[in-house]
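Have a look at the model first, then we'll go through it piece by piece.

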Amino acid sequence: MKITVHSSKPVKPVGAVMSPGGGAPDVVPLSVFDRANFNTYISVIYVFWAPTTPPNAALEAGLARALAEYREWAGRLAADGHSILLTDDGARVVQAIADVPLDAVLPLLPDHGATRLHPSDDGAEELMLVQLTRFACGGLAVGFTTHHLVSDGRATTNFFVAWSQATRREIIVPTPVHDRVSFFKPRVPPRVEFDHRTAEFKKPPVTAPTPHAGDDEVVVVHRAHFSREFIARLKSQASSPARPCSMLRCLAAHLWRRITAARGLAGDVSTSVCIAVDGRARMRPPELIDGEIGRIDGDYFASFVDFAASGAVEEEGLVPAADAAEMVLSPNVEVDSWLRIPFYDLDFGGGRPCFFMPSYLPVEGLVILLPSCYGDGSVDAYVSLFSRHVDAFKSCCYSIDDDLH
């Protein structure tokens, strides 16, 4: 597949409320949750079959209207990295053409070739970069490169949906909330009831370098597809009438075991799994994984806010545990669940996407879970492993039996 870039330009908000008097731009401070997040760009790709997808000019006009409501994405990070300057400098839009029809490349492979379908963040100042790639059949790939400090996956998807609503000239629903601070005020008196020095923060490395793959190590992203029937069997074995096991918990436990087996780790090696937990539904006043996720409730998040505001992070020189420079997680595993993010609600006027995927992200030990494009309750797991471990993982990843040999 040959992709030719035809243009690259900023798209600025239309109708945004500017700062009075032409002074300094408004500032939106990052919340304590934002600042503990990955300080990096994340790229995803949407694909649309429909040849009735609006022309690029209509998509750009819709983007300009959406940016007026979500001005953060048209701004820039402050030099200290603690706030967003609402400069209205815009998001970058790249227009490109592919020389093949979509059916020649779908389903897209999660390899380095996928990076051609979204803008590179190399040297980028923009917080959002978009690439519109038109295929020979009239199909469209929309690739996003967005800064993770601005928002997480769910909030970013809200913007994508808002863009599609604005392109269809509909009212943007829901209206974005820009106040990131008052929702997460520390309690009076503060109560730090959990250990946040290992889960959300850590001491910076002193001498040991951040783990990277060696020159002879190749990280491969393998997409494993788990059918609804397979997941039902997995949940049945992991659950009891008194303690049902969720899809996320049983898949995370299953993949943790299979990845550990595929790596061939020695019996005395300790391994852990880290799971990102969405706190939106938890901010209101036994498998091992089941118990650990269960303890992350409203009290835990309130404790985190109190700890982050206590001054201990600055006094102890702590840094976020979410380290974008860490490219090798072995012997550990990280599971990021995108299972409840409404990726397929995006509709610019020509129908919903036929395919969605994260771009190639070669972080060994990283697992991303998301609903498959079939819409039948099946799940795709994007599993990053050293190439020498991929065949072993493929041979055991669909085994539910306890015997991994």
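Which residue is the bridge partner of V367 in strand 16? It's V383. Keep in mind that this is a predicted model.

**The strands**

That pair belongs to a wider set of pairings. Strand 15 (residues 366-371) and strand 16 run antiparallel and are joined by 5 bridges. Strand 16 also has strand 10 as a partner: 8 bridges link the two, again antiparallel. Here V220 finds its bridge partner in L385 of strand 16. As for burial, 8 of the 8 residues of strand 16 are buried.

D336 has I368 of strand 15 as its bridge partner.

| Strand pair | Bridges | Direction |
|---|---|---|
| strand 15 and strand 16 | 5 bridges | antiparallel |
| strand 10 and strand 16 | 8 bridges | antiparallel |

**Helix 9**

What does helix 9 pack against with its buried residues? Strand 16 (379-386) is one of its neighbours, along with strand 10 (219-226) and helix 5 (247-263). The buried residues in helix 9 (residues 387-396) are H389, V390, F393 and C396. Because they cover an arc of only 140° around the axis, they end up on the same side of helix 9. Turned away from the buried side of helix 9 is a face with the exposed residues R388, D391 and S395.

**Helices 2 and 3**

How do helix 2 and helix 3 pack, in terms of angle and axis distance? Helix 2 (residues 56-69) and helix 3 (residues 153-167) meet at an angle of about 120°, and their axes are 8 Å apart. That angle makes helix 2 oblique to helix 3, and their crossing is right-handed. On the helix 2 side, the contact is made by A58, L59, G62, L63, R65, A66 and L67. Helix 3 brings F159, A162, W163, A166 and T167 to the contact.

Methods
Residues numbered from 1 in each chain as written. Predicted model: local features only at pLDDT ≥ 70, side-chain atom pairs only at ≥ 80, totals over all residues. Heavy atoms only, no water. Buried < 20%, exposed > 50% of the residue type's maximum accessible area, 1.4 Å probe, protein only. Helix = DSSP H or I, 4+ residues; strand = E, 2+ residues; numbered from the N terminus. Arc of directions from axis to C-beta. Contact = heavy atoms within 4.5 Å. Pairing = 2+ DSSP bridges. Axes fitted to C-alpha atoms, helices over the stretch in contact; angles between N-to-C directions. Parallel < 35°, antiparallel > 145°, perpendicular 65-115°, else oblique. Left-handed = near helix turned anticlockwise from the far one by under 90°.
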